[in-house]
Amino acid sequence: MDIQTTIPVRHELKASPEVTRLHENFFKSLNNGDYTALSYFSPKADEEKQTPDKFYKFAFITGIITAALQITSGLAFMALYKLGGKKKCDNAGHYKGKAQIASKIAFSTLGLSYLVCAPSTMGAGINSQQPGMVLHSVLAGALGVVSLMKNVNTRVKGLLSLAYAPLFAGFANKINNEFNASPSAKSRKMDIDFIIKTDSYVNLFSIGEKGKKIRKKFLDFMKFSLVDMKNGFTASAQAVLKTLEQSKNYITRQRKELPDIISLKPTKETMSLACTLAILGSVPKVILGDRMGGKTGRVADFLIGAGFLFDSLAMMSMAKANDDDRKLPMLLGAPMRIIGDFRQENNFFYGLRTIGGAAFEYYYALMNKEKDGKLL
């Protein structure tokens with residue numbers, strides 16, 4: 001009997017010296033040396049397979065929790081508006097009575113949601129092989145800690161908006177890979193499973209060859225994300241010219257369909273515009289902070305709002321094209337976020353966009369169960 005054939009293929013086989021010698025002597029006595037060495041098996045391969053599965057399950061759960069936290073935060077911001085905080089969200093410490101309670105709930109649940117969402121968007125990025133999505137998860141988690149420690153003032157809001165830029169750039173790649181790329185085109189993605197492997201961090205600062213390889217992977221990861229955002233500016237310029245031409249043809253009836261970026265047709269240009277506009281609107285907020293106001297503040301909010309508008313349109317188009325459990329929440333939540341994003345300094349509208357944002361978190365959560373654009 002060949003015992004080796006009865007062992008499942010998924011296990012890693014290793015010969016034990018002691019068992020091999022024992023087996024050798026035993027079989028030599030039975031069949032004059034015609035033997036197959038006994039083996040013992042290690043669960044290493046099974047463990048490697050189970051680690052991503054466990055992480056994706058955990059990421060899915062954190063995504064659902066994040067969606068619930070954002071709904072809670074959005075309702076609290078709306079209550080804060082009703083109770084006296086009608087203008088800015090950055091002076092919660094000055095509220096009294098019920099307004100102060102509402103402000104604490106609004107700020108704490110918002111910060112907690114950004115902290116908890118990190119595994120969900122990280123899993124979505126790893127599954128989609130998009131470093132920009134993973135970079136967003138790291139930035140969002142860090143800003144979640146900041147939000148828990150202090151009020152969400154103008155600068156923090158700018159940072160929160162800016163953190164979405166690599167996410168949008170990653171989604172631009174995802175949309176292009178799944179919907180727009182020609183069969184001969186090379187998909188823009190990167191294997192980033194190393195992000196959730198313990199060895200990557202154990203060997204990160206080691207002097208040997210393993211350390212060099214891991215550091216190179218992280219460096220390539222950052223380069224990939226930065227190039228994505230640079231490509232976003234190029235694609236945005238091309239999208240503007242393309243949209244002008246398509247609009248002209250639509251008005252003159254030479255084109256029957258609306259321009260691609262507003263037609264709910266998945267295109268990378270829509271997400272590229274979201275990335276570019278989010279950067280252009282957020283950077284002034286980050287630099288000026290609470291000193292920002294008047295026309296400059298309104299222009300920044302308009303740019304951010306426009307960026308998130310294109311993000312919402314792109315996400316709605318993906319939900320519509322995939323036609324799965326994410327479609328209805330996205331078609332309900334995206335318009336709420338579109339409206340709220342243009343007036344982020346008003347508590348009511350910031351609450352509205354936060355509630356709408358829960359649909360996006362739900363979408364990211366389910367991406368942890370996704371394969372090739374479809375849910376498993």
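Asp-228 is buried, with a relative accessible area of 4%; buried here means under 20% relative accessible area, exposed over 50% and partly exposed in between, using a 1.4 Å probe and protein chains only. The model is a predicted one, in which local features need pLDDT of at least 70 and side-chain atom pairs count only at pLDDT 80 or more, while totals for chains, interfaces and linings use all residues. Residues are numbered from 1 along each chain as its sequence is written, and side-chain values use heavy atoms, with hydrogens and water left out.

Asp-228 belongs to helix H8 (residues 209-251). Helices (H or I, at least four residues) are DSSP runs numbered from the N terminus. Leaving aside residues up to four places away in sequence, Asp-228 touches Gln-130, Ala-169, Asn-173 and Arg-188, where contact means heavy atoms within 4.5 Å.

Two helix pairs can now be described. Helix H9 (residues 268-288) and helix H10 (residues 294-322) have axes that come within 7 Å and cross at roughly 150°. Axes are lines fitted to C-alpha atoms over the stretch in contact, and angles run from 0 to 180 degrees between N-to-C directions. H9 and H10 are therefore roughly antiparallel to each other, a label given to angles over 145 degrees. Their contact involves, among others, Leu-273, Leu-277 and Lys-285 of H9 and Ile-304, Phe-310 and Asp-311 of H10. By class, the contact of H9 with H10 has 15 nonpolar, 5 polar and 3 charged residues. Ala, Val, Leu, Ile, Met, Phe, Trp, Tyr, Cys and Pro count as nonpolar, Asp, Glu, Lys and Arg as charged, and the others, Gly among them, as polar.

The second pair is helix H4 (residues 131-149) and helix H5 (residues 154-162), which pack at an angle of about 160° with their axes 10 Å apart. That makes H4 roughly antiparallel to H5. Leu-143, Val-146 and Ser-147 of H4 meet Val-156, Leu-159 and Leu-160 of H5 in this contact. The residues of the contact of H4 with H5 divide into 5 nonpolar, 1 polar and no charged.

Finally, a look at the cysteines. Cys-117 counts as buried at 3% relative accessibility, and Cys-275 is buried too, with a relative accessible area of 0%. With a disulfide taken as a pair of cysteine sulfur atoms within 2.5 Å, the count comes to 0 disulfides.

Methods:
Angles under 35 degrees count as roughly parallel, over 145 as roughly antiparallel, 65 to 115 as roughly perpendicular and the rest as oblique.
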